[in-house]
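Please read these numbered points with the sequence and the model open beside you.

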Amino acid sequence: MVVSLETKQTDAKKKEGKICWGGSLEGIDCGDEVAEWLSWNLDRPGLRLIRCTVRHAAPKQYGRIDSKVMGNNVCQYLLFTQPTLKWLQQEMENDITEIDEDNLLFRFRGNLLISGNDLPAHAELSWGELDIGGIKLKYDSPCERCKMVNIDQDTSESIYKPLSILGQNKFENKNVFGIYLNREDTQKCKMRVGQQCMVIKKNI
């Protein structure tokens, strides 16, 4: 499958959409052939591929964004640990709400998941700087959560328990799950499953 990198927009192809915290995006629809390929291979009818071309920043009161990265709210990376995920899963089971790990992963949408022996839940909230396979990452802020985590990404059904449990276990008086990270080095790199994660510096 070949995806065109044509940047000229037409009214038929131009798409606009809202993102969290009041920002918006503009992009180009990559066409019917790409849409059919995606829908067939992912077994999800009606998919479209939109290549983002412009990002309009959210109002200043909603926090910082990196204008070079399309679609993110604060930073390029969102990390949490498997023990933190297991903690939430257990809290929900204690409240007679069964939910599997993959379902929680989709709800909280992290792109880095860290596991390790004797790693306590919420340990990531104290991490200031990390080295993952030689790639240096720096802590920006805890990830404050909204009602989106209550929505099942497959069925669109909503249950209030995930956010409710975070509300009962606030961090700095906020409903937090995971941390935002920045990478200041602009050189190309690759991060792979199984690479060692080392905490270089702690915040607390």
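1. Serine 158 and methionine 148 are 10 residues apart in sequence, and their C-alpha atoms are 8.8 Å apart in space.

2. A word on the basis of this note. This is a predicted model, in which local features need pLDDT of at least 70 and side-chain atom pairs count only at pLDDT 80 or more, while totals for chains, interfaces and linings use all residues. Residues are numbered from 1 along each chain as its sequence is written, and side-chain values use heavy atoms, with hydrogens and water left out.

3. The sheet. Six strands form an open sheet with mixed pairing, in the order S5-S4-S8-S7-S6-S9, and two strands are said to pair if DSSP finds at least two bridges between them. Strand S5 (112-114) and S9 stand at the edges with a single partner strand each, so one side of each is left without a neighbour in the sheet. From one strand to the next the twist averages 35 degrees, with axes taken as lines fitted to C-alpha atoms (for helices over the stretch in contact) and angles running from 0 to 180 degrees between N-to-C directions.

4. Strand S6 and its partners. Strand S6 (residues 127-132) is mostly covered, since five of its six residues are buried. S6 pairs with strand S9 (residues 197-202) in the antiparallel sense over five bridges, and in this pairing glutamate 129 stands opposite lysine 201 in S9. S6 also pairs in the antiparallel sense with strand S7 (residues 135-144), over four bridges, and here the bridge partner of aspartate 131 is lysine 136 in S7. The hairpin of S6 and S7 has two residues between the strands, and glycine 133 takes a positive phi near 60 degrees in this hairpin. As background, the side chains of a regular strand alternate between the two faces of the sheet.

5. Salt bridges around arginine 48. The structure holds five salt bridges, a salt bridge being a side-chain nitrogen of Lys or Arg within 4 Å of a carboxyl oxygen of Asp or Glu. One of them joins the side chains of arginine 48 and aspartate 29 (3.0 Å, N to O). This pair links distant parts of the chain, 19 residues apart, with arginine 48 in the loop between helix H1 (32-42) and strand S3 (50-56) and aspartate 29 in strand S2 (residues 24-29). Arginine 48 counts as partly exposed because its relative accessibility is 40%, whereas aspartate 29 counts as buried because its value is 8%. The side chains of aspartate 32 and arginine 48 also meet in a salt bridge (3.0 Å, N to O); aspartate 32 is in helix H1, and the two residues are 16 residues apart. Aspartate 32, at 49% relative accessibility, counts as partly exposed.

6. Arginine 44 forms a salt bridge with aspartate 154, with the closest N and O atoms 2.7 Å apart. This pair spans 110 residues, from arginine 44 in the loop between H1 and S3 to aspartate 154 in the loop between S7 and helix H4 (161-168). Arginine 44 counts as partly exposed at 42% relative accessibility, while aspartate 154 is exposed, with a relative accessible area of 53%. Salt bridges that share partners join Asp29, Asp32 and Arg48 into one network.

7. Aromatic rings. A search of the whole structure finds two aromatic pairs, where rings of Phe, Tyr and Trp (its six-membered ring) pair if their centres lie within 6.5 Å, and planes under 30 degrees apart count as stacked, over 60 as edge-to-face and the rest as tilted. Phe80, Phe108 and Phe177 form one aromatic cluster.

Definitions and conventions:
Buried means under 20% relative accessible area, exposed over 50%, partly exposed in between (1.4 Å probe, protein chains only).
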